[in-house]
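Keep the viewer open and follow along.

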Amino acid sequence: MTSNAAQQLEQHLRQELGKVVFGMDDTLHGLVIAWLANGHVLLEGVPGLGKTLLAKALAQLIGGSFGRIQGTADLMPTDMTGLHVFNSHQNSFDFVPGPLFNQVVLVDEINRTGPKTQSALLQAMEENFVTIDRQTYALAAGFFLIAAQNPYDFEGVYPLLESQLDRFLIRLLLSYPDAETEMAVLSRYDKPGGGHGAVLPTICALPDGLLAQARAEAAAVHVDTSLYQYVVQVAAASRNHPRLSLGLSTRGALSVMRCARVEAALQGRSYLLPDDIKTVAPWVVGHRLLPTAEAMLEGYTALQIYQELDSQIAVPRSGAAG
């Protein structure tokens, strides 16, 4: 059976990134969905699991530039966006772009930056622009941001605001690898001097035009009205759930549909099924729902509450293929 452009893209990404990262099948699938859907990714996991390597390898695959921002308490917005510097020869101010002007950007330990610095990302993530000194500058075409944070940090961190979390299309959780995967990592990278800089040149860039074809396939996926109604019911149920103080926003509901379209294309279909929504929804809604204080004290997580409310909503059974 001939694979479509979306499937070819995922196959190429898995093959090439599989040369440098191991045991990240679900993470790579989530990255493909976010990338094809023109969204940004929040990676949660303890340090040392390969988040930086993954982002650098993805930039190599795309054939674009890579920028890394280390989150610290004293990081300023201009450290990310850039600033105007006085040019004494021209008697004018020249704009010096910051790392946000790369095609793939990793913001490591994003929750170590203060709210003012975090807010500098809002316009960049939503509009692909930044405004500095009342001048607006366009970011790179296909700007893709990956932010990483350690969910176990409690000291010296600033939890992301709900409005900031809502800008991330999906959240992916990285856990410790199994023994076989960790053996593969040790065998590959246990070399004198350490590091993995020499590995990246082995990655082959994505064939020209494949990304545009894959996105066109996702955009053309047929969606039956009953599936829109299903997502609306899920959103409404989250806004009225007694264990949630903040439900799914309209942007969140749209994000579910964007990701589900891509999932359908990755499965080789031109129409959406309820299973596509159920596959991507946990990645999309988990960081957007806010449990009440009582629910958190009782040990409930946002994902557990979502799964509970979703199980109470009837799944559409007709008209999937239009």
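Which strands make up the open sheet, and in what order do they lie? The model is predicted, and in it five strands form an open sheet in the order β2-β5-β8-β1-β9, paired in parallel. At the edges sit β2 (66-70) and β9 (170-173), each of which pairs on one side only. On average, neighbouring strands of this sheet are turned by 20° against each other, direction ignored. As a general point, strands of a sheet pair through backbone hydrogen bonds, either parallel or antiparallel.

**Strand β5 and its partners**

Let us follow β5. Its link to β8 (residues 144-149) is made by four bridges between residues 104-108 and that strand, and the two run parallel. Within this pairing, Val-105 has Leu-145 as its bridge partner in β8, and Val-107 has Ala-147. The pairing of β5 with β2 is also parallel and has five bridges. There, Gln-70 stands opposite Asp-108 in β5.

How many of the residues of β5 are buried? The strand is mostly covered, with five of its five residues buried. In a regular strand the side chains alternate between the two faces of the sheet. In β5, both faces are covered: Val-104, Leu-106 and Asp-108 lie on one side, Val-105 and Val-107 on the other, and all are buried.

**A separate hairpin**

If you look for antiparallel pairing, go to β6 (residues 129-132) and β7 (residues 135-138), which are joined by four bridges. Ile-132 stands opposite Gln-135 in β7. Two residues lie between the strands of this hairpin, and Asp-133 takes a positive phi near 50°.

**The nonpolar cores**

Which residues have the most contacts inside the largest nonpolar core? This core has 75 residues, and the ones with the most contacts inside it are Leu-17, Ile-170, Leu-272 and Ile-277. Helix α10 gives the most to it, with nine residues. Apart from it lies another core, of 22 residues, which includes Leu-42, Val-105, Ile-110 and Val-130.

Leu-17 is worth a click in the viewer. Leaving out residues up to four places away in sequence, Leu-17 touches Leu-28, Leu-54, Ala-57, Leu-58, Leu-61 and Ile-203.

**Helix α2**

Among the buried ones are Thr-27, Leu-28, His-29, Gly-30 and Trp-35. Just after α2, Asn-38 takes a positive phi of about 60°.

Ala-34 is placed in α2. Is Ala-34 buried or exposed? Ala-34 has a relative accessible area of 0%, so it counts as buried. Leaving out residues up to four places away in sequence, Ala-34 touches Gly-39, Val-41, Phe-144, Leu-169 and Ile-170. For a sense of scale, the C-alpha atoms of Ala-34 and Arg-112 are separated by 24 Å, and the two residues are 78 apart along the chain.

Gln-118 is found in helix α5 (residues 115-127), while Arg-269 lies in the loop between α10 (250-266) and α11 (274-285). What does the side chain of each reach? The table gives the partners.

| Residue | Relative accessible area | Backbone oxygen reached | Distance |
|---|---|---|---|
| Gln-118 | 2% | Tyr-158 | 3.1 Å |
| Arg-269 | 18% | Tyr-271 | 2.9 Å |

Why does Arg-269 count as buried? The cut-off for buried is under 20% relative accessible area, and Arg-269 is at 18%, so it counts as buried.

The surroundings of these residues, again leaving out residues up to four places away in sequence, complete the picture. Gln-118 touches Ile-110, Asn-111, Thr-113, Tyr-158, Pro-159, Leu-160, Leu-161 and Gln-164. Arg-269 touches Val-221, Ala-264 and Asp-276.

How values were computed
Residues numbered from 1 in each chain as written. Predicted model: local features only at pLDDT ≥ 70, side-chain atom pairs only at ≥ 80, totals over all residues. Heavy atoms only, no water. Pairing = 2+ DSSP bridges. Axes fitted to C-alpha atoms, helices over the stretch in contact; angles between N-to-C directions. Buried < 20%, exposed > 50% of the residue type's maximum accessible area, 1.4 Å probe, protein only. Polar contact = N/O pair within 3.5 Å; in protein donor to acceptor, adjacent residues only side chain to side chain. Contact = heavy atoms within 4.5 Å. Core = buried A, V, L, I, M, F, W, Y, C linked by side-chain atoms within 4.5 Å.
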